[in-house]
Amino acid sequence: MTPISISKIFTKKQCENIISYHSNWPEKIGSIGKENIIESNFRQCLTYIPPSVEYIPNWLGIEIFKTIKSVNKKYYNFDIGGEEFQFNILRYDSEGHYETHIDIGWDEVESRRKLSFSLLLSNSYEGGKLRFFGLGEST
């Protein structure tokens with residue numbers, strides 16, 4: 001399966017707003033698997049997960065899902081169900097990383113995942129390589 005990259009879905013101001021939403025969300029250290037194991041050699045980041053969907057602005061959920069549906073229809077044509085997706089913000093500082101992994105989880109939503117998306121909200125960093133199995137590196 002080929003990864004798809006789309007640029008400039010959101011304006012700079014919208015990206016700043018999205019980043020600011022996490023200030024009212026619980027912060028936790030990025031963990032691994034169902035047991036929430038903290039292993040900084042494998043994953044080092046902070047995660048912010050909204051307590052409920054009410055914490056995600058309606059316009060943001062609509063725009064993200066519209067983009068996912070459009071990409072799916074054009075490239076994959078999976079049955080991805082309704083507008084159900086898990087949303088969180090990850091913050092990677094200068095030492096942050098996430099080693100090679102498969103993007104599927106353990107809970108009811110994540111275990112049925114057919115597509116993943118990453119929304120890069122900042123371009124003011126060094127490094128930040130996003131790699132896909134067998135496809136080399138992207139920036």
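Student: Before we start, what should I know about the numbering and the model?

Tutor: Residues are numbered from 1 along each chain as its sequence is written, and side-chain values use heavy atoms, leaving out hydrogens and water. The model is predicted, so to speak: local features need pLDDT of at least 70, side-chain atom pairs count only at pLDDT 80 or more, and totals for chains, interfaces and linings use all residues.

Student: Let's begin with sheets. In what order do the three strands of the open sheet come?

Tutor: The general idea is that strands of a sheet pair through backbone hydrogen bonds, either parallel or antiparallel. Strands here are DSSP runs of E, at least two residues, and helices are runs of H or I, at least four, numbered from the N terminus. Two strands pair if DSSP finds at least two bridges between them. In this structure the order is S1-S3-S4, with antiparallel pairing. Strand S1 (27–29) and strand S4 (89–91) are the edges, each pairing on one side only.

Student: How many bridges join S1 to S3?

Tutor: Three, and S3 covers residues 46–48. Across that pairing, Ile29 stands opposite Leu46 in S3.

Student: Is Thr47 buried or exposed?

Tutor: Look at relative accessible area: buried means under 20%, exposed over 50%, and partly exposed is in between (1.4 Å probe, protein chains only). Thr47, which sits in strand S3, counts as buried because its relative accessibility is 4%.

Student: Which residues does Thr47 touch?

Tutor: A contact means heavy atoms within 4.5 Å. Not counting residues up to four places away in sequence, Thr47 touches Pro26, Glu27, Lys28, Gly30, Ile89 and Leu90.

Student: Now a helix. How far does H2 reach from its first C-alpha to its last?

Tutor: The expected span of a helix is 1.5 Å times one less than its number of residues. H2 (residues 58–76) has 19 residues and reaches 26 Å, close to the expected 27 Å.

Student: Where do its buried residues sit around the axis of H2?

Tutor: Among the buried ones are Leu60, Ile64, Phe65, Ile68 and Val71. Seen down the axis, the buried residues fall within an arc of 155° (taken from the directions from the helix axis to the C-beta atoms), so they line one face of H2. Helix H1 (12–21) is included in what covers them. The face turned away carries the exposed residues Asn58, Lys73 and Lys74.

Student: What about cysteines: how many disulfides does a search of the whole structure find?

Tutor: A disulfide is a covalent bond between the sulfur atoms of two cysteines. The test is a pair of cysteine sulfur atoms within 2.5 Å, and the search finds zero. Cys15 is buried at 13% relative accessibility, and Cys45 is buried at 6%.
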